[in-house]
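Me: I'm new to this one. Could you walk me through how the two chains meet?

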2 protein chains.
Amino acid sequence: MKKDLDHLMRRNDVEALLVTGAGDHNPYMVYFTGGVHLTHADLVKPRDRTAVLFHASMERDEAIKTGLDTRSYLDYPIKDFINEADKDFALAMAFRYRKMLIDAGVSSGKVALYGKIDLGKGYAFFSKLQTIMPEITLVGFQENDLLSSAMMTKDAEELEHIREMGKITTTVVAKVVDFLASQRTKGDVLVNRAGEPITIGDVKSKINLWLAESGAENPEGTIFSIGRDAGVPHSSGTASDFLRLGQPIVLDIFPCEQGGGYFYDMTRTWCLGYAPDQVYKIFEQVKTVYDQIIAELRVNAPFSDYQRRTCELFEAMGHPTVLSNPRTEVGYVHSLGHGVGLNIHERPSSSMEGLEEDILAPGSVITIEPGLYYPDQGLGVRLENTLFVEENGFRVVGDFSMDLVIPVKS
Amino acid sequence: MKKDLDHLMRRNDVEALLVTGAGDHNPYMVYFTGGVHLTHADLVKPRDRTAVLFHASMERDEAIKTGLDTRSYLDYPIKDFINEADKDFALAMAFRYRKMLIDAGVSSGKVALYGKIDLGKGYAFFSKLQTIMPEITLVGFQENDLLSSAMMTKDAEELEHIREMGKITTTVVAKVVDFLASQRTKGDVLVNRAGEPITIGDVKSKINLWLAESGAENPEGTIFSIGRDAGVPHSSGTASDFLRLGQPIVLDIFPCEQGGGYFYDMTRTWCLGYAPDQVYKIFEQVKTVYDQIIAELRVNAPFSDYQRRTCELFEAMGHPTVLSNPRTEVGYVHSLGHGVGLNIHERPSSSMEGLEEDILAPGSVITIEPGLYYPDQGLGVRLENTLFVEENGFRVVGDFSMDLVIPVKS
């Protein structure tokens with residue numbers, strides 16, 4: 001949690017965090033700024049002191065809303081640094097970062113780097129900064145990174161944001177079900193009032209609309225796919241596909257607050273009208289594994305234990321999994337779940353190559369999402385909920401029916 | 001343009017481009033992939049050869065849609081590299097990138113880095129890659145960067161995307177005007193049917209909805225602000241503010257295609273009911289400068305010439321500008337415009353510290369957006385259109401009235 005930050009910095013011997021990039025859709029920045037609109041900003045968080053936000057003069061009102069210490073870039077005119085750097089722009093930026101660090105009271109020790117920016121800029125500016133400021137040590141990604149460790153558990157305010165996104169997401173999923181259930185059919189295809197087939201793309205447009213109405217957005221898209229596409233976990237679906245009865249439809253929806261705040265993640269698999277035996281059997285197996293894993297989850301256990309367990313359960317049912325064949329593209333082909341927060345995928349990780357620290361600690365928010373995939377049989381099933389890990393157990397955030405069949409009008 | 005890429009690589013003595021990150025909201029990646037859904041991918045574009053896209057196995061269907069050469073990460077199992085790197089994850093990733101480069105036929109020379117990713121990862125992985133692969137030279141941001149140079153001019157297909165976004169944007173702006181004009185007033189405040197004041201936040205929600213309906217999104221937000229906020233160019237507006245008659249309202253809307261494709265950018269300034277003399281005077285001055293600059297624009301001229309010219313015109317009217325005082329927060333405080341494409345802000349730049357190469361070449365898409373700001377007087381005016389630079393002149397993409405006053409019902 002945020003309150004652990006100074007402690008984690010001390011434990012990792014880190015003197016300061018340097019976070020850069022936009023104020024929107026930039027999780028590490030939003031963690032500190034709360035998501036105000038900043039085209040580009042730099043933030044220095046020295047250990048045991050308040051973070052300093054460096055911002056464009058035009059964005060001073062937004063910067064002030066963050067409650068952080070603020071400094072305008074007007075005091076760091078790039079023109080001066082370009083002169084000093086003899087027109088080498090990357091060196092000029094390095095000079096500027098050096099001055100910002102020093103002004104924030106950071107002149108030595110480890111400085112950890114964060115923020116979503118263009119790799120070309122990041123590599124050029126910070127390689128130069130390291131060269132001209134040897135008294136600091138720039139630290140890039142480390143597996144057990146302190147900021148992602150802090151973000152792994154959420155405080156009450158953060159949980160409230162995720163809970164709200166859970167409400168919005170389940171409401172939108174309910175609208176999808178209502179929409180599908182209220183259309184007519186012609187042959188084995190869902191049609192609108194004019195008798196024209198409804199497509200995957202039509203429903204996706206409605207989902208976008210319903211999300212926007214609710215103050216949410218889906219910057220990473222929505223998976224809404226049918227048949228073979230449903231059998232390829234990350235296929236987002238083919239817009240022109242018709243909605244045919246008796247074929248598995250996967251809706252995996254992972255929206256966030258508008259402007260790029262907290263996410264929520266859920267998946268349902270449906271068949272319109274009826275479920276063929278083969279789909280029903282696979283669905284029941286996924287549901288059984290989902291229920292079994294939920295029953296077995298223990299607070300503070302390693303998340304990866306349950307990935308292994310999921311593989312074992314599916315293998316006992318006769319399915320290939322990534323446990324016995326990491327390259328399999330049929331059967332159970334992915335991870336059990338992931339942390340959810342300002343990133344749609346964050347720690348704790350359920351990967352069996354994951355970190356010891358990635359446990360199901362109280363305050364974590366995770367997904368549980370077993371699935372089975374047989375694309376050549378036009379078949380894929382995944383069921384997913386987001387759960388809060390609490391002191392005494394696990395709570396599904398946005399409860400919603402897992403029923404396979406959506407009845408349709410004839 | 002894309003077709004110039006090999007030529008530009010040769011001129012810059014660059015052997016390969018390495019682009020990394022998601023397939024959504026990642027302009028350099030979208031430039032090559034067309035925006036298919038890829039959670040994370042790596043792309044190597046060797047000079048004079050087709051780009052190779054490295055992708056997650058689960059996203060193989062999306063990868064194939066790009067028409068690029070594709071390779072699955074299954075052939076680059078991270079576990080193997082972690083063993084090779086003795087559990088140093090950043091080193092493992094460097095080993096993996098080395099293998100991907102070699103497999104794409106790149107074993108020496110300059111490799112230019114691109115893509116929106118986390119700085120910590122970028123710095124760590126690519127610093128290590130440079131160390132273990134001294135036969136290549138990694139190149140980060142350079143001012144006259146070849147890929148941003150290529151992207152500065154658009155081919156017919158790209159222009160069509162921007163034209164479509166122009167239609168969508170002007171349609172949404174028209175809906176905003178219609179909405180404001182069709183409400184009632186109570187005192188000096190716009191109210192809904194129930195007689196409750198309409199807020200800035202209410203209108204922003206509607207804008208989001210109308211954008212979603214049109215297949216667009218606004219990942220960087222929308223500026224809709226009134227009074228003092230309108231006087232601070234990048235203030236995005238205060239959600240709880242009422243819409244009062246006679247106060248300047250700035251709408252600066254810059255949406256992109258859903259999933260993070262091409263952008264469009266336009267700004268209008270309005271007064272509801274009537275315009276006080278002071279607002280009217282400032283508005284007329286901004287409009288005069290806008291018209292004058294549009295009349296003076298010449299194909300292939302340096303964009304920065306017109307920034308200087310804009311400052312001169314405003315100074316002749318008695319306003320402070322960034323020309324005589326780079327720190328001014330009143331008067332004309334920003335740049336005249338910018339390129340628009342897969343980034344909302346891209347080259348050519350109108351900055352007076354910009355590059356010689358940033359000219360108004362045919363195929364460029366630019367904004368022209370003069371403005372005047374006096375926040376302490378509750379006053380700000382900006383007018384902006386996006387223009388195509390053509391062989392014979394300049395064409396406003398989405399034409400729309402610049403009228404200041406929106407009449408309201410009494």
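Predicted model: local features only at pLDDT ≥ 70, side-chain atom pairs only at ≥ 80, totals over all residues.

Me: How many bridges join strand 6 of chain A to strand 6 of chain B?

Reply: Strands are DSSP runs (E, at least two residues; helices are H or I, at least four), numbered from the N terminus. Two strands pair if DSSP finds at least two bridges between them. Here the two run antiparallel, and the number of bridges is three.

Me: Which element of chain A gives the most to the side that touches chain B?

Reply: Contact here means C-beta atoms, placed from the backbone, within 7 Å. The contact takes 59 residues from chain A and 59 residues from chain B. Several elements give two or more residues to chain A's side, including helix 3 (60-65) and helix 9 (200-213). The one giving the most, with eight residues, is helix 6 of chain A.

Me: Is helix 9 of chain A roughly parallel or roughly antiparallel to helix 9 of chain B?

Reply: These helices pack at an angle of about 175°, with their axes 8 Å apart. Axes are lines fitted to C-alpha atoms over the stretch in contact, and angles run from 0 to 180 degrees between N-to-C directions. Angles under 35 degrees count as roughly parallel, over 145 as roughly antiparallel, 65 to 115 as roughly perpendicular and the rest as oblique. So helix 9 of chain A is, relative to helix 9 of chain B, roughly antiparallel.

Definitions and conventions: Residues numbered from 1 in each chain as written. Chains lettered and ligands numbered in written order. Contact = placed C-beta atoms within 7 Å.
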